[in-house]
Amino acid sequence: MSTTSLMSYEDALETYDPVMGLEVHVELGTATKMFCGCSTEFGAEPNSQVCPTCLGMPGALPVVNAVAVESAIRIGLALNCNIAEWCRFARKNYFYPDMPKNFQTSQYDEPIAFEGYLDVQVEGKTWRVEIERAHMEEDTGKSLHMGGATGRIHGADYSLLDYNRCGIPLIEIVTKPIEGAGELAPLVAKAYVAELRELIRALGVSEARMELGQMRCDANLSLRPKGREKFGTRSETKNVNSLRSVERAIRFEIQRHATVLTDGGTIVQETRHFHEDDGSTTAGRIKEEAEDYRYFPEPDLVPVAPSREWVEELRATLPELPSLRRARLQAEWGVNDFEMQSMVNAGVLDVILATIDAGAHADAARKWWLGELSRRANERGVEVATLPITAAQVARVAALVESGELNDKLARQVIDGVLAGEGEPDAVVEARGLKVVSDDSALGAAVDEAIAANAGIADKIRGGKVQAVGALVGAVMKTTRGQADAARVRELILERLGVS
Amino acid sequence: MPGITREEVAHLARLSRLELGAEELDHLAAQLDDIIGAVARVAEVAADDIPPTSHPLPLTNVMRPDVIRPGLSPEEALSGAPAAEEQRFRVPRILGEE
């Protein structure tokens, strides 16, 4: 079904009430895998970070990574969940080459964390998303589908498997059905995933970079006619890997379901694939029933029974939650909702704080990161925080502007230099000769020249039209290639014209 | 006594990606029936005062520190693979999926 033959979003919402369920997988940033000591380093040679355990060799025995359990508990606590006093791992049996054991070690009816919530902001209103559970499991290997036309499974002749990722700890966080969001449903879904990502980062348990697959969202959606209690049949759109895609996938599925239902058709319970290019989804496999996975308790692992003392110790390590931190910073900085949201969206709160710590004024730190540096990041198509400039370097540029040694225009050139790898700001100033010239003798000649070349304007100023001085300042700035101290130039011109 | 039907065996075979002939289905259905019967006998003696047990050892919280341990080299990992290519395991294409 293409996007053009769909019922409009507004019409769909006239008749139907959407219900969502979001499953988010987070790859933990542990040094080793969930059940063996293999490295989790990204980007290694294929099959260079494997051992008998993660390859599912007969007789190999798994042992749980203590830091992964600790991370799972901290995530659970941050999501206001209960932490199980006793829980087990379970085998989820399925036959697919990305899982060489022929089962995924997961948790079934005894998740480590359950019954929590996460509050998110949508259009200035707080939405409480109820969390059903957060459980521990392991990632799968990576398949390359060879032959065929496009590298997708369709038409592939064979597949190549790299098991470096197989066994990396995952935490799966599952919401309860999200009801009543109506037309805001896609925005609630997006805000939830965004808030969860902030939370995971604040906890320091994962970088949660969606573009690297460190955080992946499966979006379940069903529609029911307005006023009906019973849920409709749901579809599950797998691996939606950006915030924008989460919003688009939910929106598309609302329209698709409504179109099918209105035509008198039925929705099949199935997984669907999201396509970034046009925002559509297409059918995947028919979903296996839970009983087809033949879950049973993992006999090779003993139960996890976190003591209440340990849980409380971990609770004490929780950082200030992102929502509270945002509220505090917004009050401290005295900025409006829009500006605050811009900083959150650009992901610059941490670098701004680091820049303030390095000595910059809050206003200056915000201005550089949200303005010039965000612009540079957009041009390069990267996240601001990954630009090759440090908070300390930005603080130094701000200090040079503060002391009058640089003006904004020159400061931007210094930033150019730092980003181009020319070294520290002071070295760039030196090498490119970028200091502001405020020395009267050096400026005098340029001022005289500007007055001589613009006699008409000079007369107007003498005659009292002081605002015309801007044109002369501009002329001086031009001849000094922007390096003059504009304030001092203005003073000098007015002095010479006898109107100061 | 829970019996297992031929259809259930065929379903399990499909989940396990095994292609079984008619004779094999009959043969395995009978065998699985015997196995399930034997397990059911254990269930009969389990009284209400015996909690379900998934593990015979009275242990919890066996964990390892998050420290890297050397595993296999790619050559070792692939040494038992029937087919390999580009330092990866090569497997037949997956039918009837996605």
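**Pockets, a cavity and crossing helices**

Modeller: Eight residues, the largest share of the lining of the second largest pocket, come from helix 3 of chain A. This is a predicted model, in which local features need pLDDT of at least 70, side-chain atom pairs count only at pLDDT 80 or more, and totals for chains, interfaces and linings use all residues, while side-chain values use heavy atoms, with hydrogens and water left out. Residues are numbered from 1 along each chain as its sequence is written, and chains are lettered from A and ligands numbered from 1 in the order in which they are written.

Biologist: Which elements of chain A each supply at least two residues of the lining of the second largest pocket?

Modeller: Strand 6 (113-122), helix 3 (185-203), helix 4 (243-262), helix 6 (322-333), helix 7 (337-346) and helix 9 (362-380) of chain A each do so, where helices (H or I, at least four residues) and strands (E, at least two) are DSSP runs numbered from the N terminus. About 1300 Å³ of space lies in this second largest pocket. Its lining has 37 residues, and the closest to its centre are A:Ala194, A:Leu243, A:Gln341, A:Val344 and A:Asn345.

Biologist: How do you know which domains of chain A the lining of the second largest pocket draws on?

Modeller: An automatic or database domain assignment gives the bounds, dividing chain A into domain 1 (3-310), domain 2 (320-432) and domain 3 (440-496). The lining of the second largest pocket draws at least three residues from each of domain 1 and domain 2 of chain A. The C-alpha centres of domain 2 and domain 3 of chain A lie 32 Å apart.

Biologist: What lines the largest cavity?

Modeller: The lining residues are A:Lys33, A:Phe35, A:Cys36, A:Thr53, A:Cys54, A:Lys101, A:Glu138 and A:Gly167, and about 40 Å³ of space lies in this largest cavity. A search of the whole structure finds one cavity of 30 Å³ or more.

Biologist: What makes a space a cavity and not a pocket?

Modeller: On a 1 Å grid over the protein atoms alone, a 1.4 Å probe fits in a cavity but cannot get out, whereas a pocket is an open set with protein on both sides within 12 Å along at least five of seven lines, and lining residues have an atom within 4 Å of a point.

Biologist: Why is helix 6 of chain A called oblique to helix 7 of chain A?

Modeller: Their axes come within 11 Å and cross at roughly 125 degrees. That makes helix 6 of chain A oblique to helix 7 of chain A, because angles under 35 degrees count as roughly parallel, over 145 as roughly antiparallel, 65 to 115 as roughly perpendicular and the rest as oblique.

Biologist: Why is helix 2 of chain A called roughly perpendicular to helix 5 of chain A?

Modeller: Helix 2 (residues 66-78) and helix 5 (residues 308-316) of chain A pack at an angle of about 70 degrees, with their axes 10 Å apart. Therefore helix 2 of chain A is roughly perpendicular to helix 5 of chain A.

Technical notes. Grid points are joined across faces, edges and corners, and a volume is the space filled by probe spheres set on the points. Axes are lines fitted to C-alpha atoms, for helices over the stretch in contact, and angles run from 0 to 180 degrees between N-to-C directions.
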